[in-house]
Structure formats: structure tokens, C-alpha cells
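Please look over the structure shown below before reading on.

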Amino acid sequence: MTAAIYSIHGPSSVISIQRVPKPIPNYDQVLVKVAATCINPIDIKLRKHPISSLILPKPKIPGTDISGIIVSAPKDSGYNEGDEVIAMMPMLFWSFGASAEYAAIPISLIAPKPKNISFVQAAAIPLVGTTVVTGFNSVLETMNQTSLENCKVLIQAGGGGVGSFAIQYAKNVLNAKVVATTCSTSKIDYVRSLGADIIIDYKVTNFEDVIQDYDVVFDTLAYEYKERTLNPNSRVIRKDGKGHYVHIGGSSPTIEPGDPGSDPFGLSVPEARFDKLMSHYWYQWSSSFSKKVGLSTEEVHYHVVFVRPNGNILREISKHIEENKINCFIDKVFPLNEIQQAHNYIEEGHTVGKVVLTLI
């Protein structure tokens, strides 16, 4: 089969198109003919930053998001040849990826493709959708609620892939009372079309001058906005013990290998450095512990999100898309053999919507 592949880390030029053996599915996997795959910022970071082959096996076929057609499935799996599906493949400890003609995927990670959208649109769903639902599920579980009615929600970077999905999910699925977001001047009309009630142009206005006593802050730029949101003098989140801060794992796209903030040991992308992970999870644990033992009634609930593949979440998302509660927005489509150009396009930082590779 034809696949995009890299054996060393570096610029987009390390990716080449090669012929490789077609994967042979295990007893608990389906074989999918890939129709389209989405390129996410994490794919750029995994390619650029040196990571041990123990963690990111190489040669590596990049990509996590898949839409495609089942070629073969185990008996009694609930799936059949010809079924249209979506999936998010594992990022780490896995050499196979989505940028290939075929992929063998665990049954637990797939879900039916929404019937009312194309393969290209469907490929943009898995990673961003799973990230958003995982983050909001953590909040709802802590609240012991199933919706965000009467809640005010701030979503940072609403013009990005995760942010644009989060606006729609908070507004149309969770029924948030108010959804505010930050974005650049050029994306104001875009985020308004998604359903944002309050739009803050971060180039003109500081969000903390507008947002006060919000119930939930969903921060896709936590590496930049966390301190401004949680410092003792901030009034962005309510301080009565009922405020929630959702930290989406991420790092500045401008960090290059060897820069301050990158992993000096070559074990991870910048946001997953061991010291940062420990800091995030310590913050989350101490916040929860303080409330449980009564040390603080004003502590903000802190939620850390590093996404994992989840077929159940994708099934839920497919349902919401078929109910027209969530739309998928595509910026640009490239064929697989132009994957280098697609990576370069994303690195320029001007996308509005997702960038997709097509294979059929």
C-alpha cells in the first residue's frame, strides 16, 4: 500500500511517500480503507521534536484521525465490510498512523461515520471532538449535571480546531447560557457563525477585562493564559468553589527542538514533558483534595485533559452531527502526495477550519 512515512524527526521534508506492507488486523481489529485523514498541530510537533523510538516507534506513519470504509471485520464485532466509519488512532507506542491507504484499528476505537457529512468533513472530527467531550465530561461529572444550563462558559481560541468544536458543543449540546470566546480579528465572523455570544478580539482587548465570574473556562491555550486566569487577583472564574478551569494540554507552536520549553531528554512533545505533566496533575489533585477535606471552599476545580482515543465518545459525536448540532469546517484539502505542503501550510498558522488529506 501507499503511505506517508518518516524515519527521522525534522522539517516536513523528512516525510516521504513509500510503498509499505498492508497491515494485517488482529482478532480485535477492523481493516479500514482510508478515505481521508486530518492533520492536527500535534502531528507537526511529533514530527519536529526528537522523541525516542521506544515512545514513538519509527518508521512512523503520521496521523491520528481517520474516515474510511471497512474492508474486513471480525465476526460478531457489530461491523461489516462496506461500513463507513471514523476513528482516532493512538498517537504513541504505535508505528501505524492514518496517512496510508489502509489502517488496522481496534474495534473499541471506531464509530459509524455521520451519514449527513462527507468523508473529508468526517476526518476532521475524531481528535478535536474527543478532546472537547473529554474535557466537558470531567466538568459535568464534578458538577453532577448533564448540561451547562444557566452556566457561562469561556472558550479560549474559538477560531482553532478544538475551540470551534467546543463553541458548538457547549452551545448546542450542553445548552450553556452564555458562550464567550477569544479570537483574532480575522476570525470574528467565523466564531460568530459557530454560535459564540460574546467575542473578544485578543489583539484589542484583554479577556480578563471582559470576563468575570464565569462558571467554566475551557482553555485551549493554557500555556499562555493559565496564569492570567488563575492568579489570585483574577475574577475570570467564580471563586465560590463552583468554578471550573479545563486545561487542554498544549504548547506554543513556535517552540523548536532545543528551545526553552522543549524536552531536553527527547521523550515527548513540549506539553507532555514529565515535569509539566507532574505539575498539571499535582494542581488537579491538590484542588480536589483541598475540597474533599474542607481546607478550601473557594478553590477552583482544575481539570487536565490529554486526549485518548475513545470509540464511545465518537459514537456520541456522530449522533450530534446527524442532529445538525455540530458542523465540520474545512480550510483546505490536499492529496496524500502533498502531505509536505499540507504540514507547511498548517505551520504558517493562518488556517480557519481543518486541513485534510484525501486518499480516495
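Ser67 counts as buried because its relative accessibility is 0%, where buried means under 20% relative accessible area, with a 1.4 Å probe and protein chains only. This is a predicted model, in which local features need pLDDT of at least 70 and side-chain atom pairs count only at pLDDT 80 or more, while totals for chains, interfaces and linings use all residues. Residues are numbered from 1 along each chain as its sequence is written, and side-chain values use heavy atoms, with hydrogens and water left out.

**Around Ser67**

- Ser67 belongs to strand 4, residues 65-72, and strands here are DSSP runs of E with at least two residues, just as helices are runs of H or I with at least four, both numbered from the N terminus.
- The side chain of Ser67 comes to 2.7 Å from the backbone oxygen of Phe119.
- Leaving aside residues up to four places away in sequence, Ser67 touches Val34, Ala35, Ala36, Val85, Ile86, Phe119, Ala122 and Ala123, a contact being heavy atoms within 4.5 Å.

**Cavities**

- There are three cavities of 30 Å³ or more, a cavity being a set of points, on a 1 Å grid over the protein atoms alone, where a 1.4 Å probe fits but cannot get out, and its lining residues having an atom within 4 Å of a point.
- The largest cavity, with a volume of about 120 Å³, is lined by 14 residues, of which Ser164, Phe165, Asn327, Cys328 and Phe329 lie nearest its centre.
- Helix 4, residues 161-173, gives the most to this lining, with four residues, and by class the lining of the largest cavity has eight nonpolar, five polar and one charged residues.
- The second largest cavity has a volume of about 60 Å³ and is lined by Tyr6, Asp43, Leu46, Lys60, Pro62, Gly63, Thr64, Pro90 and Met91.

**Helix 8**

- Helix 8, residues 311-322, has twelve residues and reaches 17 Å from its first C-alpha to its last, close to the 16 Å expected at 1.5 Å a residue, a span taken as 1.5 Å times one less than the number of residues.
- Buried residues in helix 8 are Gly311, Ile313, Leu314, Ile317, Ser318, His320 and Ile321, and the buried residues of this helix pack against strand 5 (84-88), strand 7 (110-112), helix 3 (126-143) and helix 4.
- At the N-terminal end, Asn310 caps helix 8 with a side-chain oxygen 3.0 Å from the backbone nitrogen of Asn312, while Asn324, which follows the helix, has a positive phi, near 60 degrees.

Conventions
Buried means under 20% relative accessible area, exposed over 50%, partly exposed in between (1.4 Å probe, protein chains only). A polar contact is a pair of N or O atoms within 3.5 Å; within protein, one must be able to donate a hydrogen and the other to accept it, and residues adjacent in sequence count only if both atoms are side-chain atoms. On a 1 Å grid over the protein atoms alone, a cavity is a set of points where a 1.4 Å probe fits but cannot get out, and a pocket is an open set with protein on both sides within 12 Å along at least five of seven lines; lining residues have an atom within 4 Å of a point. Grid points are joined across faces, edges and corners, and a volume is the space filled by probe spheres set on the points. Ala, Val, Leu, Ile, Met, Phe, Trp, Tyr, Cys and Pro count as nonpolar, Asp, Glu, Lys and Arg as charged, and the others, Gly among them, as polar.
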